[in-house]
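Work through the exercises below with the sequence and the 3D structure open. Try each task before reading its solution.

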Amino acid sequence: MDKDIIIIGGGASGLAAAISAKKTAPELNVTVLERCDRVGKKILATGNGRCNLSNRSISPENYHGSLDAAKLIRENSFGEELFRLMGIMTYADDRGRVYPHSESAATILNALRQRCEELGVEFLCGADYCVTGIAPRKNGASVKTPSGEFSCRGLIAAAGGYASPQHGTDGTVIKILRELGYKTAKICPAVAPLKTDQSLLKGLKGVRMKGRISAVSQGEILRTEEGEIQFTDSTVSGICVFNLAYLYQQYEGRLTLRADLLPEMDKRQLTDYLFSMRKRKGSFPLEELVTGLFAKNPSVYLVKRAMGRPMTEKISTVTDSEIRSLAALIKAAEFPVTGCAPWQSAQATCGGIHGSCVDGELRSRLHRAVFFCGEVLDVVGDCGGYNLQWAWSSGEAAGRSCALQVKEGR
Ligand SMILES: Cc1cc2nc3c(=O)[nH]c(=O)nc-3n(C[C@H](O)[C@H](O)[C@H](O)COP(=O)(O)OP(=O)(O)OC[C@H]3O[C@@H](n4cnc5c(N)ncnc54)[C@H](O)[C@@H]3O)c2cc1C
């Protein structure tokens with residue numbers, strides 16, 4: 001089964017690559033091999049079904065990994081503009097996050113599928129087309145699937161990473177590429193909750209609090225985010241935590257989350273407030289001490305964690321040093337990171353094929369006919385449309401450069 005271009009994976013980057021390759025060289029046949037029964041299943045799950053397809057403010061700080069993602073995105077503008085040309089109305093919220101006006105991810109997937117159909121892209125979908133082996137050759141490559149072997153002149157690996165295996169991505173292709181000699185950066189879940197010591201979460205399960213949260217390693221603040229912090233019985237979560245999760249890759253075993261649960265007040269103001277509450281509420285039980293600041297469950301949690309006393313004791317018995325400890329806890333509650341959440345709850349993969357394995361056109365430095373795009377590469381973006389924008393732009397670049405190379409070699 002001879003093809004001009006084969007794309008492994010019909011996700012966001014694979015569909016962008018297919019469109020870009022066909023636009024660059026309409027005469028080439030482009031085939032997408034997708035292991036799921038349809039292309040783009042993950043796209044339907046993005047942005048809680050609304051598809052946060054891009055962000056209007058892209059800078060190098062939003063991307064992490066061994067490639068200059070922001071530069072590549074500047075040079076490959078597949079994204080909001082192109083969707084508009086396909087007739088999709090979009091809007092951005094106050095954080096620059098771009099969504100389709102329909103608020104439906106299906107709108108985006110339909111547009112991509114229709115564009116592929118117009119351009120004549122071939123989709124082969126289902127378990128029979130799951131790629132289980134890759135053999136690069138001098139002027140092309142072949143791939144193994146349960147339904148047989150396909151050979152091609154240009155191969156684009158767009159098979160994603162390990163995140164969200166329920167959408168077809170379990171890292172198979174990264175493993176195959178590693179066996180072929182590709183270097184990979186350390187892999188761990190990103191855009192995901194972080195695990196902490198369960199004993200520190202007793203009483204916090206289900207609590208959501210607005211605050212400021214920092215990732216700290218050996219006293220150094222690595223990054224600070226603001227937003228809603230969510231607690232489960234084993235993880236700290238919320239978009240602000242998602243944006244810190246990639247740091248686990250580099251700081252495993254040395255990472256702590258430090259939460260300021262009342263950024264509106266400085267420590268001095270908070271301490272004065274607590275002293276005034278001791279006076280005013282002296283005859284009430286301890287569990288009432290900070291109910292003017294927080295809901296009941298977090299109030300009890302904070303007082304218990306700071307003082308370790310029965311909640312039935314009177315507020316008047318609180319010592320000055322206990323007040324200072326409570327203020328310190330509210331301003332800097334620490335949760336040592338003990339692990340990452342499972343791949344099922346991660347939205348992206350930190351790590352992947354290392355940037356040193358590709359040139360500026362996303363062509364392999366090891367095998368000339370092989371190209372890469374999307375999450376298979378060692379790039380991860382922040383939460384907020386950055387990962388899909390990387391998928392579109394890297395897909396555009398890989399599709400174009402692969403098509404140009406195959407066209408020239410014909
Ligand atoms: C729940 C959820 C919500 C998200 N929301 C957002 C959001 O709103 N905004 C945002 O920017 N990002 C979001 N992301 C991240 C974003 O979806 C991904 O970064 C992006 O889809 C990656 O695109 P990709 O093409 O590299 O990989 P994928 O979209 O993962 O596509 C890879 C494809 O390859 C196929 N495949 C894998 N292995 C094989 C094989 N061996 N043979 C054949 N096919 C194979 C898979 O089935 C899959 O279809 C979200 C992710 C999740 C899980």
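This is a predicted model: local features need pLDDT of at least 70, side-chain atom pairs count only at pLDDT 80 or more; totals for chains, interfaces and linings use all residues.

**Exercise 1. The shell around the ligand**

Task: Find which residues come nearest to the ligand, and which helices and strands each supply at least two residues of the shell.

Solution: 
- Step 1. Start with the residues around the ligand, which number 34. Those that come nearest are Ser13, Glu34, Lys42, Glu375 and Leu388.
- Step 2. Assign the shell to elements. At least two residues each come from helix H1 (12–24), strand S2 (30–34), helix H2 (41–45) and helix H12 (386–409).
- Step 3. Look for the largest share: H12 supplies it, with four residues.
- Step 4. Sort the shell by class. There are 15 nonpolar residues, 15 polar residues and four charged residues.

**Exercise 2. Oxygen atoms of the ligand**

Task: State how far an oxygen atom of the ligand lies from a polar side-chain atom of Glu34, and from a backbone N or O atom of Asn387 and of Leu388.

Solution: 
- Step 1. Take the side chain. One of the polar side-chain atoms of Glu34 is 2.6 Å from a ligand oxygen atom.
- Step 2. Turn to the backbone. For Asn387, a backbone N or O atom lies 3.3 Å from an oxygen atom of the ligand; for Leu388, the distance is 2.7 Å.
- Step 3. Consider the cover. On its own the ligand has 1,000 Å² of accessible area, and the protein covers 94% of this.

**Exercise 3. A sheet of three strands**

Task: Give the strand order of the open sheet and name its edge strands.

Solution: 
- Step 1. The order of the three strands is S3-S6-S5, and the pairing is antiparallel.
- Step 2. Strand S3 (54–55) and strand S5 (90–92) each pair on one side only, and these are the edge strands.
- Step 3. Follow one pair. S3 and strand S6 (residues 97–100) run antiparallel and are joined by two bridges. Asn55 has Arg97 in S6 as its bridge partner.
- Step 4. In general, strands of a sheet pair through backbone hydrogen bonds, either parallel or antiparallel.

**Exercise 4. Asp382**

Task: Locate Asp382 and decide whether it is buried or exposed.

Solution: 
- Step 1. Asp382 sits in the loop between strand S20 (379–381) and H12.
- Step 2. A residue is buried if its relative accessible area is under 20%. Asp382 has 3% relative accessibility, so it counts as buried.
- Step 3. List contacts. Leaving out residues up to four places away in sequence, Asp382 touches Glu61, Asn62, His64, Arg223, Asn243 and Asn387.
- Step 4. Pick out a polar contact: the side chains of Asp382 and Arg223 make one at 2.8 Å.

Methods:
Residues are numbered from 1 along each chain as its sequence is written. Side-chain values use heavy atoms; hydrogens and water are left out. A residue is near a molecule or strand if one of its heavy atoms lies within 4 Å of it. A polar contact is a pair of N or O atoms within 3.5 Å; within protein, one must be able to donate a hydrogen and the other to accept it, and residues adjacent in sequence count only if both atoms are side-chain atoms. Accessible areas come from the Shrake-Rupley method with a 1.4 Å probe; for residues, only the protein chains shown count as cover. Ala, Val, Leu, Ile, Met, Phe, Trp, Tyr, Cys and Pro count as nonpolar, Asp, Glu, Lys and Arg as charged, and the others, Gly among them, as polar. Two strands pair if DSSP finds at least two bridges between them. Buried means under 20% relative accessible area, exposed over 50%, partly exposed in between (1.4 Å probe, protein chains only). Contact means heavy atoms within 4.5 Å.
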